[in-house]
Amino acid sequence: LEILEILENSPAWIAGLRAGTLITHLNSKPVLSYTIDSIRTLLLGKNLLKVTFIDSNGKEKTVKIKPRKML
């Protein structure tokens, strides 16, 4: 899953995710095992989300993000 756009100062931005970042896992499950609706539910939820992605150096990195309602 590639991030197409990300809001500056959002929890994901603060965690280091940027447009173009490739997410490989959500909560330790391969991102391809999710439906679009289940991903949306995770992103809109209140639970801590564990995101594994490929950083700009090509290394896999995992961060925990607390979703936040954006105004």
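Q: Which pattern does the chain follow along the sequence?
A: In this predicted model, the chain reads α-β-β-α-β-β, with 2 helices and 4 strands. Helices (H or I, at least four residues) and strands (E, at least two) are DSSP runs, numbered from the N terminus.

Q: What should I know about the numbering and the model?
A: Residues are numbered from 1 along each chain as its sequence is written. Because the model is predicted, local features need pLDDT of at least 70 and side-chain atom pairs count only at pLDDT 80 or more, while totals for chains, interfaces and linings use all residues; side-chain values use heavy atoms, leaving out hydrogens and water.

Q: Turning to Ala15, where does it lie?
A: Ala15 lies in the loop between α1 (11-14) and β1 (22-26).

Q: Is that residue, Ala15, buried or exposed?
A: Ala15 is buried, because its relative accessible area is 19%, and buried means under 20%, exposed over 50% and partly exposed in between (1.4 Å probe, protein chains only).

Q: And which residues does Ala15 touch?
A: Not counting residues up to four places away in sequence, Ala15 touches Val63 and Ile65; contact means heavy atoms within 4.5 Å.

Q: How much of the whole chain is buried?
A: Buried residues make up 28% of the 71 residues.

Q: What about contacts between residues 24 or more positions apart?
A: Such pairs account for 36% of the chain's contacts with a separation of 6 or more.

Q: How far apart are Ala15 and Leu48?
A: Ala15 and Leu48 are 33 residues apart in sequence and 13 Å apart in space, C-alpha to C-alpha.
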